[in-house]
Amino acid sequence: MALSSSSFLSTPPLPSSKSTISFASSVSPSPIPSLRRVVFRPHRRATAVRSKIREIFMPALSSTMTEGKIVSWLKTEGEKLAKGQSVVVVESDKADMDVETFYDGYLAAIVVGEGETAPVGAAIGLRAKPRRNPPPPLLPSPPPPPPAALSPAPAIAQPVAAVSDGPRKTVATPYAKKLAKQHKVDIGSVAGTGPFGRITAADVEAAAGIAPSVSQPPPPAPTATVKATSTSSSSPPLLPDASVVPFTAMQSAVSKNMIESLSVPTFRVGYPVNTDALDALYEKVKPKGVTMTALLAKAAGMALAQHPVVNASCKDGKSFSYNSNINVAVAVAINGGLITPVLQDADKLDLYLLSQKWKELVGKARSKQLQPHEYNSGTFTLSNLGMFGVDRFDAILPPGQGAIMAVGASKPTVVADKDGFFSVKNKMLVNVTADHRIVYGADLAAFLQTFAKIVENPDSLTL
C-alpha cells in the first residue's frame with residue numbers, strides 16, 4: 001500500500017440529494033437509499049436517524065489521468081469516516097496514492113471494488129452523513145382499504161378488415177417475374193408463399209414443374225466476408241504459448257503520451273562532448289553522494305538558462321510560452337513502466353542539494369509514492385542510457401516540452417588536435433530531439449555548444 005496521501009476526495013451532492021437513508025444503529029449498505037422509520041414499541045418514543053447520501057468520486061491525481069484503478073479500500077462498508085482519514089488507495093497513471101476524505105460520516109457503500117477501474121469523476125462509493133432529527137408523532141396506522149371487487153372488463157370489439165372480392169394486385173419478386181416470363185407461367189395463378197403472400201422464385205419454379213435452384217448468396221455477403229477476413233488477418237495470430245497481458249495504468253499513460261508525440265514535428269541533432277574533466281570531477285564528488293545524473297542535470301539546467309527557447313513549451317500549436325522555471329525531468333525505469341521525476345530549479349540548486357533531492361525522488365518513484373507535481377512539472381527531459389553502455393540513441397519528445405536530451409556512454413576515442421597530433425580522450429555523444437515549431441537548428445546547435453563548454457570545464461557546476 002502506498003504511503004503518500006492526497007486530499008482529492010470530493011463529494012459534491014447527487015442530483016437526488018434529497019433522498020435520505022434511516023437506520024437504528026448502523027448505516028444501511030444498500031446502494032439505493034430509502035426513507036424508513038424504525039419503531040421498537042408502539043407506546044415508546046422511537047429514535048430515527050436520518051442520513052444524507054453523497055457520492056465519492058474518482059479523483060484526478062494528475063493532469064494526464066483519465067481513469068484510476070482501485071488498489072484497496074482502507075474502510076469497509078458501514079465503517080465511520082473522519083475528516084482527513086485515508087479511505088481508498090488509487091493507482092493513477094504514475095503512482096499509488098492514498099485518497100483522503102474532507103468530511104465526517106460513514107462509508108455507506110462501495111461501488112467500484114478492488115482491482116476495478118473507473119473514469120475520473122465517476123462514483124466509486126457512497127458516503128452517508130447521519131443527523132439526528134426529532135421523530136414525528138406516532139399515529140396508529142389506518143387499516144388498509146378492502147380490495148375492490150374485480151369486475152370483468154367489457155370486451156372490446158376488434159375491427160375486422162373487410163375482404164374485397166375484386167381483383168387483387170400480384171406481388172412478386174423481380175426474379176420471380178423473370179422466371180415466370182422465361183417458363184411462360186401465368187404469375188397471376190401462382191400462390192405466393194413469401195411474406196404477405198409475396199410470390200418468390202421457388203413458387204414460380206414449383207408451378208412450372210422445375211426443381212428449385214440453389215439460392216445464391218446476395219452480392220454484399222462476399223464483400224462483407226472479405227472485409228471480415230482481411231480485418232482478422234491484419235493482426236497476426238498469437239503463438240501457441242503466448243498470453244495477452246493488459247496494460248497497467250502507467251503503461252497506458254506512456255502509450256497515450258507516445259502516440260500523442262507523433263503529432264509533433266521534431267528534428268534531432270547530435271553533438272560529441274569531451275568528458276575527461278567531468279569524469280575527474282565526478283571521482284572527487286562521488287564520495288559526497290553526488291551522482292552523474294545530478295551533474296548532467298545541473299549542466300543542462302545552466303545551459304538552458306542561456307538558451308530559454310529550448311526550455312519553452314508549445315501545447316496548442318498556435319503559440320508557445322517561455323517557462324519561468326527550469327525543471328529538468330529525468331527518465332527512470334521502474335518495475336512495469338517509465339516515470340520522469342522532476343528536479344525543479346535545476347539551474348539554481350546547489351550540486352549537493354540537487355543530488356540529495358534526486359536520491360529522494362528516485363526512492364519515491366520506485367515505491368510509487370511521487371506526488372503529481374514531482375513528475376508532471378518538467379520543462380526539459382534528460383534520458384541517460386550511458387550507464388548501460390549504450391553509446392548513442394534517440395529519445396521521443398514528451399508532449400508539452402520543447403526538447404529532450406539523450407546521453408550515451410563516455411568511451412575512449414582517438415582524436416586529432418589542431419596541430420595534427422593524435423590523442424585518446426573520453427567522449428560521449430549527446431542527441432537532442434526538439435519541437436521544430438519553436439526550436440530551430442541554430443538554436444539547438446548553440447545550446448549544445450554551451451552544454452559542451454560547461455561539461456568540458458565543469459568548475460562552475462560546484463559553485
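Leaving aside neighbours within four places in sequence, N431 is in contact (heavy atoms within 4.5 Å) with V269, G270, Y271, R392, F393, D394, I404, M405 and A406. This is a predicted model, where local features need pLDDT of at least 70, side-chain atom pairs count only at pLDDT 80 or more, and totals for chains, interfaces and linings use all residues. Residues are numbered from 1 along each chain as its sequence is written, and side-chain values use heavy atoms, with hydrogens and water left out.

Back to N431: this residue is found in strand β19, strands being DSSP runs of E, at least two residues long, numbered from the N terminus. N431 is buried, at a relative accessible area of 11%; buried means under 20%, exposed over 50% and partly exposed in between, with a 1.4 Å probe and protein chains only. The N431 side chain also reaches the backbone oxygen of F393, at 3.1 Å.

Now slide along β19, which covers residues 422-435, to V424. V424 is exposed, with a relative accessible area of 58%. Together with V414 and F422, V424 makes a nonpolar surface patch of about 360 Å². For such a patch, residues need over 30% relative accessible area and no salt bridge, and nonpolar side chains are joined within 5 Å; a salt bridge would be a Lys or Arg side-chain nitrogen within 4 Å of an Asp or Glu carboxyl oxygen.

Next up is β4, residues 67-73, which pairs (at least two DSSP bridges) with β9, residues 117-119, in the antiparallel sense over 3 bridges. There, G68 stands opposite A118. Strand β4 is also joined to β6, residues 86-91, by 4 bridges, again antiparallel, and W73 stands opposite V88 in β6.

How values were computed:
Patches are made of residues with over 30% relative accessible area and no salt bridge: like charges are joined within 9 Å, nonpolar side chains (Val, Leu, Ile, Met, Phe, Trp, Tyr) within 5 Å. Accessible areas come from the Shrake-Rupley method with a 1.4 Å probe; for residues, only the protein chains shown count as cover. A polar contact is a pair of N or O atoms within 3.5 Å; within protein, one must be able to donate a hydrogen and the other to accept it, and residues adjacent in sequence count only if both atoms are side-chain atoms.
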